[in-house]
Amino acid sequence: MPLGLAISTSTYAYLAYYLILPIAYIALLTVYGTKIQFWFMMSDVSKALLELRRIRDKSLDKLNHHIETTVNDPVNRARLLGMLEYFAVSPVDLDPVGIISKLKHIVEVHDNRMKTEIADILGRKDPILVGRTLGHVSAAAALNYLYKLVNHIVSLTKRYSSLALLQQLYAIMPLLIKQGKAVLEFIDAVDKGVPIGDGIGPLSVGLLMRGKPKIMIAEDTMAAITTIDGRRLVLIKAEGPASNLGKLDDAVRKTRLLFGKVSAIVTIDAMLRLESEKSGETARGLGVAIGGIGVERFRVEETATKEGIPLYAITVKESYMEAISIMGRKIAEAVVDVYNMLHRILEEKTEEDATVIVVGVGNTLGIGQ
Amino acid sequence: MSERKLELERIVVVEECPKCGVMLKRKFSEGDYVGMPGGTCRFCGSRMYVKMIYKEHG
């Protein structure tokens with residue numbers, strides 16, 4: 001029965017190819033599908049974790065190199081490395097009344113403690129060197145914490161074989177790597193003392209301050225007066241060229257007390273752009289353009305609301321990466337558009353002889369006044 | 001920042017003459033900052049100042 005045998009073999013082959021194998025395949029994927037997905041995702045996340053560790057180690061190498069060139073005493077070197085674990089506990093917010101003043105107090109104590117500790121370790125109060133060291137320590141501490149946090153989640157994921165946890169980490173891992181690389185670039189900028197993208201506000205105001213008499217209106221914050229389009233402008237920015245953010249809220253309050261009636265407050269700051277937007281584009285709006293935890297914004301808003309002062313904002317769009325790395329050409333050249341917008345606000349929204357406060361918001365690294 | 005990227009990017013300083021508005025681009029050197037006095041203007045002899053510092057490609 002050779003013919004019968006041939007038919008029977010092809011029937012089995014047909015069954016194997018089109019029925020049994022797919023059923024086995026589906027059964028395998030049903031039982032082991034999530035396991036296979038877990039292995040593939042874990043492999044990618046583990047590679048990304050290694051990359052994050054490499055970034056963290058690079059920042060620590062740079063910090064160690066900076067310490068070797070600036071601090072001689074081994075005890076002080078250890079003290080500086082110990083600052084990587086320095087932390088601040090946020091105040092209790094169960095009763096939110098008065099939370100802003102408590103937050104401001106904690107932030108100020110934290111900043112002052114970091115600066116005085118670093119100045120003590122360095123044995124010098126040179127603001128540029130202190131700012132550079134603080135930049136190194138802050139960046140290394142941020143990357144160290146980021147690595148430890150991701151490593152913690154990866155360990156938990158492995159221990160409990162949690163696909164749900166892994167999927168969340170898998171989704172944000174490329175963004176975390178990108179942020180880590182941006183912080184590394186920030187260290188480069190701090191080392192060289194070059195302006196970063198976030199400095200577009202201080203750059204715009206600092207150029208207007210050039211050649212004008214200046215006063216220190218608040219801690220680490222400078223003010224100058226100029227006249228544009230017949231309006232008296234009180235210009236405020238953090239004191240540069242060291243890495244500084246200043247106390248802009250205190251400066252605005254003091255300016256209000258010193259100059260009496262204020263017709264408008266204009267804040268100039270960098271703004272995180274959406275993927276469809278171009279870097280260096282400028283936008284005009286209302287409100288206070290100050291980032292961070294919101295303490296300074298709250299206090300400026302409070303002053304403005306009490307006095308009925310209109311608030312205007314000019315922003316320059318850029319990515320997170322651009323904001324903390326060396327300033328790019330498009331962002332630097334946006335200063336021209338910022339000035340055009342400022343002229344338009346002055347002409348359209350204020351009378352001649354009015355007093356207007358203009359605040360340059362951001363890190364003033366590499367930008368004098 | 002990778003070594004390759006560093007090679008492709010360079011930091012430049014733009015100096016401007018406050019009198020005649022002439023701008024001069026030069027390589028960044030340590031200690032430069034925006035607002036600091038720069039060189040002498042070739043056209044009017046005034047003291048220039050650093051207007052911008054940024055990175056550019058190529």
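Tutor: A polar contact here is a pair of N or O atoms within 3.5 Å; within protein, one must be able to donate a hydrogen and the other to accept it, and residues adjacent in sequence count only if both atoms are side-chain atoms. This is a predicted model, where local features need pLDDT of at least 70, side-chain atom pairs count only at pLDDT 80 or more, and totals for chains, interfaces and linings use all residues. Residues are numbered from 1 along each chain as its sequence is written, chains are lettered from A and ligands numbered from 1 in the order written, and side-chain values use heavy atoms, without hydrogens and water.

Student: How many residue pairs are in polar contact across the interface of chain A and chain B?
Tutor: Five, both partners at pLDDT 80 or more.

Student: And how many salt bridges there?
Tutor: Three. The rule wants a side-chain nitrogen of Lys or Arg within 4 Å of a carboxyl oxygen of Asp or Glu. One of them joins E56(B) and R329(A), at 3.5 Å, N to O.

Student: How many residues does each chain bring to the contact?
Tutor: Chain A brings 23 and chain B brings 19. Contact means heavy atoms within 4.5 Å.

Student: New topic. What is the strand order of the open sheet in chain B?
Tutor: β2-β1-β4-β3, four strands, paired antiparallel. Strands are DSSP runs of E, at least two residues, numbered from the N terminus. Two strands pair if DSSP finds at least two bridges between them.

Student: Which residue of β4(B) is opposite P37(B)?
Tutor: Y49(B).
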